[in-house]
Amino acid sequence: MSQPTNDRPVLFRMPVALRWRDLDAFNHVNNSNFLTYLEEARIRWFASWDGEWVNDAMAPLMAAVQLNYRMPIPYPSDVVVELFTDRLGTSSATIGHRIVSEDGATLYCDGHVVVVWIDRASGRPIALPVSVRAAMASA
């Protein structure tokens, strides 16, 4: 199965080592693990940025997630999570994601998450930090 066209540049790629424990009774990766792979990729991407993306005063908070399951991931497989920016708002960013085969020929899932940066004391949205905006706008 080929991937849908995506005209946004991939800003981060993370190989995923599947674990035997990720399988379900149907002998493919359980759908809940897709979200874990995507979460790990987002955190590693954020941690690779220059500048702060989280501190005692601010933090990212996931507001929404959309995940389209396209194909089951069989075991064993070599897969890669790809992340890209769908949209930058004032206080939020929409991060597109895909899980694909190592060679990119098979699309297992796609979708996006909306992440809002908040003031930890008030719980209210704040403007995207400069380092976040710069990292998500790069490429």
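## Why these labels? A tour of a predicted model

Guide: We start with a pair of side chains in this predicted model. The side chain of Y37 makes a polar contact with the side chain of D22, at 2.6 Å.

Visitor: What makes the link between D22 and Y37 a polar contact?

Guide: The distance is 2.6 Å. The cut-off for a pair of N or O atoms is 3.5 Å. The value lies within the cut-off, so the name polar contact applies.

Visitor: Where are Y37 and D22 found?

Guide: Y37 is in helix α1. D22 is in the loop between β1 (12–17) and α1.

Visitor: Is D22 buried or exposed, and how do you know?

Guide: Its relative accessibility is 0%. Buried means under 20%. D22 therefore counts as buried.

Visitor: And Y37, buried or exposed?

Guide: Y37 has 6% relative accessibility, which is under the 20% limit, so Y37 counts as buried.

Visitor: Which residues touch D22 and Y37, leaving aside those within four places in sequence?

Guide: D22 touches H28, V29, N30, N33 and Y37. Y37 is in contact with M14, V16, L18, D22, V29, V81 and I99. Take L18 as one of them. Y37 and L18 are 19 residues apart along the chain, and their C-alpha atoms are separated by 9.5 Å.

Visitor: Let us turn to the rings. How many aromatic pairs are there?

Guide: The structure holds seven.

Visitor: Why is the pair F34 and Y69 given its name?

Guide: The ring centres are 5.0 Å apart, within the 6.5 Å limit, so F34 and Y69 pair. Their planes stand at 70 degrees. Over 60 counts as edge-to-face, so that is the name for this pair.

Visitor: Which parts of the chain does this pair link?

Guide: Distant ones. F34 sits in helix α1 (residues 31–47) and Y69 in strand β2 (residues 58–69), 35 residues apart.

Visitor: What are F34 and Y69 called by accessible area, and why?

Guide: F34 has a relative accessible area of 3%, under 20%, so F34 is buried. Y69 has 41%. That lies between 20% and 50%, so Y69 is partly exposed.

Visitor: Why is the pair W45 and F46 given its own label?

Guide: The centres lie 6.1 Å apart, within 6.5 Å, so the rings pair. The planes are at 40 degrees. Stacked needs under 30 and edge-to-face over 60, so this pair is tilted.

Visitor: How do you know whether W45 and F46 are buried or exposed?

Guide: W45 has a relative accessible area of 3%, so W45 is buried. F46 is at 3% too, and therefore counts as buried. Ring pairs also link W45, F46, W49, W53 and W117 into a cluster.

Visitor: What lines the largest pocket?

Guide: E39, R42, I43, F46, P60, L61, M62 and V115 line the pocket. Helix α1 gives the largest share, four residues. About 150 Å³ of space lies within.

Visitor: How does the lining of the largest pocket divide by class, and what makes a residue charged?

Guide: Six residues are nonpolar, none is polar and two are charged. Glu and Arg count as charged, so E39 and R42 fall in that class.

Visitor: One last residue. Where is T94, and is T94 buried or exposed?

Guide: T94 lies in strand β4 (residues 92–101). Its relative accessible area is 10%, under 20%, so T94 is buried. Its contacts beyond four places in sequence include F84, H112 and V114.

Key:
Residues numbered from 1 in each chain as written. Predicted model: local features only at pLDDT ≥ 70, side-chain atom pairs only at ≥ 80, totals over all residues. Heavy atoms only, no water. Phe/Tyr/Trp six-rings, centres within 6.5 Å; stacked < 30°, edge-to-face > 60°. Helix = DSSP H or I, 4+ residues; strand = E, 2+ residues; numbered from the N terminus. Buried < 20%, exposed > 50% of the residue type's maximum accessible area, 1.4 Å probe, protein only. Polar contact = N/O pair within 3.5 Å; in protein donor to acceptor, adjacent residues only side chain to side chain. Contact = heavy atoms within 4.5 Å. 1 Å grid on protein atoms, 1.4 Å probe; cavity = no way out; pocket = protein on both sides within 12 Å on 5 of 7 lines; lining within 4 Å. Points joined across faces, edges and corners; volume = space filled by probe spheres on them.
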